[in-house]
Amino acid sequence: MAGILQGITVVDLSRLIAGPYTAMVLADLGARVIKVEALSGEEGRHFGPPFYGDTSVAFMTCNRGKESLALDFRTDAGREVLGRLIAQSQVLVHNFRPDFAEKNALTYEAVRQVNPEIIYTMVSAFGEDSAYRLRPSVDSVVQGMAGAFYASGEEGDPPVRIGLPIIDVASGMCGALGVLAAVMHWQQTGRGQRVELALADTIFNFMAAKVGEHAVEQREPVRSVNLPIAVPSRHFQGSDGAWFSVSVVNEGAFRRFCGVVKQPAWLTDPRYDRNAARIANRPALLAELAAIFVTRPAAEWVAAFEAADIPCGPVNTVSGAMSDPVLADRFVEHPALPGLPLIPFPAQLAEGMRRPDAMPPPPKLGEHSAAILGELGYSPAEVTQLVRDGVLKLHTS
C-alpha cells in the first residue's frame, strides 16, 4: 500500500531514539527514509543487551522501513555524497549538537544553500539557541533537570526516574507531527522551513499541571502516586499480593465505588464526600482503603469495579501484559523478524499508512549504500574507490 507521504524522501542523520522515531513514523506514512550513519553504525545499534541477532532491540524498535547508507560525511568525498543526497530530498532530520552541525556544514543556513526547499528538523535537549545548547544530555538528564523525578513517587521518597525513554519517544511523535505540518506548508507554498524539537519542551508539556501548581501556589507541587486532582486514583494490593489500579474520576463514580467497598457512610462523611475533601484527607482515605483491599484477591476487586463501570485493571508485569491475548494482539510480527513483536504507531489511518509487518525490517548497516550511490550518479568503480578510501561501507552477508 502506498502511503500518504509517497514521493517524499527523508535523510535521517539522527541517532538513538527521538530523531530515529520521528523518521520511522514518516516511513510508516510512506516516505522513503534513508538513514545515514557512521561506518561503525549509529550508537543505537550497539545498545544492549538485549540484542536481536547482532543488533540492539532498542534500534529495532525505531528504524523499520528505512534504508541504510554507511558514510563518513566528515571527509570531503563523504560531504559530496551527502550534499547530492540532500539536494534530491525534501526532509532532513538530525540531532547533532550545534557545534558539530556548524563544523560539518549541517546548520539550517548551510543546508539551505544545497536545497532551498528543505524541511530541516533539528532535535536538541534544550533548544538550538539555548544557553544549554552545547550541554550533553539524554532523556534521563532532561527528566532530572526538569523536575520530573519529583513528579513520581510519594512525599519523602528519593527522586524517581520514569523508567522508560518517555521523553525520547514522545519527542519522536511530536517531531513527526511537526514534519507533517511543514510538508503540508511546503506543498501549499513551495517553501521549506526549520522545525525545532526540544526534549525539554516535551517533558514540560507532560508537567504542565505541575508547573502551573508551582506557579499558582508558589510551592513545590504535591508529590504522590495518587493523582492530586482525583482521589482515589492509584494502585493497591489485594489479599493475594497482586496489585491492581483503580481510578475515581467523578462523584457518580465515587458513589459506585463506595458501594463496591461497602462504605456507604463515606458519601456523607465530610472528609470524603467530595473530591476536594478526599484530596485534603488523602492519607487517611488511602490507609482505610489499603486495609479493605487486603481482604480479597486483586482479581476479585478488578471484576467488582469493572461491574460497577469504574476504571480498573490489574497491574501486570511485562510478561503478564504479553500473556493477555487482548493486549498482545496490539502487536504484529514481521515475517523477517520472528519472535520480535512490533507495535504500530498509536494513530492508525484507514488509508495511506503502512503496518510494521508490511514494511522492510530495520536495515543492516550499509545495506543500501551501493544502490543509493548509484542513484546519485556514482559508477561502480567510484563506489569501490570510496569503500577503499574509508568513506563508504557496504553491507556484506
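The protein contains 17 helices and 14 strands, taken as DSSP runs of H or I with at least four residues and of E with at least two, numbered from the N terminus. The model is predicted: local features need pLDDT of at least 70, side-chain atom pairs count only at pLDDT 80 or more, and totals for chains, interfaces and linings use all residues. Residues are numbered from 1 along each chain as its sequence is written, and side-chain values use heavy atoms, without hydrogens or water.

The C-alpha trace spans about 85 × 50 × 40 Å along its principal axes. Of the 397 residues, 44% are buried (under 20% relative accessible area; exposed is over 50%, partly exposed in between; 1.4 Å probe, protein chains only). Contacts are heavy atoms within 4.5 Å. Among contacts with a separation of 6 or more, 68% join residues 24 or more positions apart.

Val 138 sits in the loop between strand E7 (119-124) and helix H6 (139-146). Its relative accessibility is 43%, so Val 138 counts as partly exposed.

Ala 308 occupies the loop between helix H13 (298-307) and strand E11 (312-314). Ala 308 counts as buried because its relative accessibility is 16%. Leaving aside residues up to four places away in sequence, Ala 308 touches Arg 256 and Val 260. Ala 370 lies 62 residues from Ala 308 along the chain, and their C-alpha atoms are separated by 62 Å.
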